[in-house]
Amino acid sequence: MAAVTEPNHVARTTWRYALLIAVAMIFVFPILFMVVSSLKPDAQLLRDTSSIAAFLPVGDISLDNYFGAFRRAPVGLFIFNSIFITLVTVLISLFLCSLAAFAFAYLEFRGKAVILSIIIATLIIPFETIAIPMLMVVNSLPFIGANGVQWGWLNTYHVQMVPFLADALTIFLFVQYFKDLPKELIEAARLDGASWFQVYRLVIVPIAGPVFATAAILKFLVMYNQYLWPLMVTQSEQVRPVMVGLQYFFQLNTAWGEVMAYLSMITIPVLAFYLVLQRAFIASIASTGIKG
Amino acid sequence: MSTSGPQKSLQRHPLAGWLMIAPAAVLIATFLIAPFILAFGYSFTNQRLISPNPTEFVGLRNFEQLIGVGTLVLSPETDDAGVVVRDDDGALQYPTVRSFTRANDDFPHLQGMQEWFGWNWGDDRVVVLARDLVFMKALTNTLIFVAVVAPVQSALALLLALMINQKLRGINIFRTIYFMPVVVSIVVVSLLWRFIYDGRNGLLNNLLEFLSFGLFQPIDWLGNPGTALWAIIAMSIWQAVGFHMVIWLSGLQTIPVSLYEAAEIEGANAWQKFRFVTWPGLRNTAVLIIVVITMQAFALFAQVDVMTNGGPVDSTQVLVFQAVQRGYEQQNIAGGSAISVILFVIVLTISLTQRYLTRER
């Protein structure tokens, strides 16, 4: 019996792996092409597209395109802007959203249910449908900074951060997680005389690591990949993030090598981050689908 | 701590509660709810980003401008004897559409409209006119994009999830790879694929030429009105399909193994197991995925902005792109808001319909 099924089983397993690998190539090759091309001079890059060499680091390999990209645009500035905006927004939004979720999950107060359901209902509003009126909002808001009060938020860092500090999805994720935590912990802390903020900081935050990781990853992906909003609010080069900085590479006679170098620079760190933490990344996305 | 006992004192703390939700609530009210309400408000005015004149209420004019359509039935030209005129090729001659839409007092409702599409009906020619041709193309293209992407991407994502759900050594490596494009920005992907789709040196043309032994004629995928939207569709699916694969996968893993064992004992084949065990267990996941993909698809913007700018000949115009063109580039906040409102109403209608059709019975 075993002698009959064994070759059959092997053949089937081989066929399954072949299919999995074929599909994997569809996802890997464009990204591989991007990285490999960033190392080649333009002429060779174009020539190589007609053969398998497009995916191999062969021929005249160098980092020239990377230097070229830095000469063409203030790449370092763009990368700094993106990291700064993303980092500050992720940190503050984790704090504000988890704090609000804590109150929604554990405290009773008038109006709580209504406010929570309004917040959840905003999940149905795509950002793209409010981007235009949002321009009006930020254009007429005051901001108190180092130079006193200024009107209008265009061309600043905060215009790219403040609108995204609180969002329904992040609050929702935290509420779901907090609801399942044992209530006894909180009651014990309260009886010991801890204030609500102390309960949040000393009891809940230390045991909520997984949901903080999930929310941080989702927010990170959204913020780092922002395009439409910074495109509209950053006419000034000083505050532009990497995705808008791409426009420097759009020119008519595109220098493809430099384009690929720039794309690789702004993508590889995220990919590396993903490959190291891939379990957490995938769990984050999956958790957005737990509740319909 | 009051005398009301520990249980009660734990719960009733209005001040602490309000203080903790206040920052998030104020931010959401200012940057989500206010602009949302303003979108409706502005769409009934002539608001501009910066304007010396005061804003005026204009009623439904913005919407009439956008969605105004009309039809026109053109009869063939006849000569003095009433015989239809034919040109040298024998084709019928029609009066120009322009003669009805420009300064023609008999057709005031068609004033300023442009020909959208038309067809022949007997000897007559029926022409559909639109007041805002670009908007109509943007609306149609967006609907085509959603109608193709929602089912195709959901189905492919399910297929990938089923492949990844097999018990094979090293399967997690494939899961990691299939998900990879999701973490790459759609802006990066769009620029990268502009090169893949290139008419001369593009990878896709070279690949197709190789696979067809040189028979395939290169196509400028993004420069051709017939292929540009489809090129954007294919690339968008490539980038996002891993996202929904993961959601399907978490749905698949909630189905109890015992159900599969029972089906096996009953002698079910692979298809029957999918049809009677897997698919019923994925019902809620399916609704969620279709709604999520639909909403994401309506928001299509970056791909168009980076790859085609709406061209060639408006074949990739879409709603968000038009809203940004008007609201931002032309500083016409009212016009952009009106498109946003139409977009939101469509998204809301479709997701409510989807939820209603797939409700628990």
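## Domains of chain A

Chain A divides into domain 1, covering residues 2-62, and domain 2, covering residues 75-288. The model described here is predicted. Between the centres of domain 1 of chain A and domain 2 of chain A, taken over C-alpha atoms, the separation is 36 Å.

Where these parts meet, 8 residues of domain 1 of chain A and 7 residues of domain 2 of chain A form the contact. On the side of domain 1 of chain A that touches domain 2 of chain A, two helices, α1 (2-37) and α2 (42-48), each supply at least two residues. The largest contribution to this side comes from α1(A), which gives 3 residues. Sorted by class, the side of domain 1 of chain A that touches domain 2 of chain A holds 4 nonpolar, 2 polar and 2 charged residues.

## Annotated transmembrane regions of chain A

An unreviewed UniProt entry lists residues 17-39, 78-107, 114-137, 157-178, 199-222 and 259-277 of chain A under "transmembrane region". Two of these annotated spans can be described from the model itself. Residues 114-137 of chain A are 79% helix and 0% strand, and the end C-alpha atoms of this span lie 25 Å apart. Residues 259-277 of chain A are 95% helix and 0% strand, with end C-alpha atoms 27 Å apart.

## Domains and secondary structure of chain B

For chain B the assignment gives domain 1 (6-42), domain 2 (69-131) and domain 3 (134-357). The centres of domain 1 of chain B and domain 3 of chain B, taken over C-alpha atoms, are separated by 35 Å. The secondary structure of chain B comprises 15 helices and 3 strands.

## Overall dimensions and packing of chain B

How does the radius of gyration of chain B stand against that of a compact globule of 361 residues? Chain B has 28 Å, whereas such a globule would have a value near 21 Å. Along the principal axes, the C-alpha atoms of chain B fill a box of roughly 95 × 70 × 45 Å.

Of the 361 residues in chain B, 38% count as buried.

Methods
Residues numbered from 1 in each chain as written. Chains lettered and ligands numbered in written order. Predicted model: local features only at pLDDT ≥ 70, side-chain atom pairs only at ≥ 80, totals over all residues. Domains from an automatic or database assignment. Contact = placed C-beta atoms within 7 Å. Helix = DSSP H or I, 4+ residues; strand = E, 2+ residues; numbered from the N terminus. Nonpolar A, V, L, I, M, F, W, Y, C, P; charged D, E, K, R; others polar. UniProt positions renumbered as here; feature names shortened; annotations may be inferred. Rg over C-alpha atoms; globule rule 2.2 N^0.38 Å. Buried ≥ 20, exposed ≤ 12 C-beta atoms within 10 Å, placed from the backbone.
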